[in-house]
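User: I would like to learn how to read the features of a fold, step by step. Please show me the structure and take me through it.

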Amino acid sequence: MLSVLVHKGQIIGRGHNQRIQSGSVIRHGETDCLERAGRLPAEVYAESTLYTTLSPCIMCSGTVLLYKIPRVVISENLNFTGEEELLKSRGVDVMVINDIETIAMMRSFIQENPTIWHEDIGERSVDEEGSGPPLYS
Ligand SMILES: [Zn+2]
């Protein structure tokens, strides 16, 4: 999904999930955003806010903690609740908007693309257990 890194009111990075476009297993919206922002001094991360469509998964939450990004604004967390409690327990200011349009968009995406969705969150697809993507390709 989509993520934007904002520093002092300016967008310094933006990214989106690259599973399909680049065949990436680690470029979620958040990690792709940071990758595209490039190498930044620690103080820039420490003064930034990460805006993201979905509640950050464990990988993306770990990235937020690694770079000490102090604030995360989440568009919706009803379709997927990531590691918000972990972030909060480490002092990150987490704000959830639960935007109605994002909730509906994500619900449709998950219903229409269950295999991609489950692959992206590291789960087996409910209706395709045992027949997921090839382990080696
Ligand atoms: Zn993620």
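Analyst: This is a predicted model.

User: In which sense do β3 and β4 run, and how many bridges join them?

Analyst: β3 and strand β4 (residues 71-76) run parallel, joined by 5 bridges. Within this pairing, threonine 52 is opposite isoleucine 74 of β4.

User: Which residue of β3 does serine 3 stand opposite?

Analyst: Serine 3 is opposite threonine 52 in β3. The pairing of strand β1 (residues 2-7) with β3 is antiparallel and extends over 5 bridges.

User: How many residues of β3 are buried?

Analyst: Burial is read by counting neighbours: 20 or more other C-beta atoms within 10 Å make a residue buried. In strand β3 (residues 48-54), 6 of the 7 residues are buried, which leaves the strand mostly covered. Over the protein chain, 30% of the 137 residues count as buried.

User: Why does valine 73 count as partly exposed?

Analyst: Valine 73 is in strand β4. Valine 73 counts as partly exposed because it has 15 C-beta neighbours inside 10 Å.

User: What does valine 73 touch beyond four places away in sequence?

Analyst: Its contacts there are Thr49, Tyr51, Met95 and Ile97. Separation along the chain and separation in space can be read side by side: valine 73 and leucine 50 are 23 residues apart in sequence, with 6.2 Å from C-alpha to C-alpha.

User: What percentage of the contacts between residues at least 6 apart in sequence join residues at least 24 apart?

Analyst: In the protein chain, 47% of those contacts do.

User: How do I read the chain as a whole?

Analyst: List the elements in order, then look at the extent. The protein chain has 6 helices and 5 strands, and their order along the sequence is β-β-α-α-β-α-β-α-β-α-α. Its radius of gyration is 15 Å, close to the 14 Å that the globule rule gives for 137 residues, so the protein chain is as compact as a globular protein of that length. The C-alpha trace spans about 45 × 35 × 25 Å along its principal axes.

Note on methods. Residues numbered from 1 in each chain as written. Predicted model: local features only at pLDDT ≥ 70, side-chain atom pairs only at ≥ 80, totals over all residues. Buried ≥ 20, exposed ≤ 12 C-beta atoms within 10 Å, placed from the backbone. Helix = DSSP H or I, 4+ residues; strand = E, 2+ residues; numbered from the N terminus. Pairing = 2+ DSSP bridges. Contact = placed C-beta atoms within 7 Å. Rg over C-alpha atoms; globule rule 2.2 N^0.38 Å.
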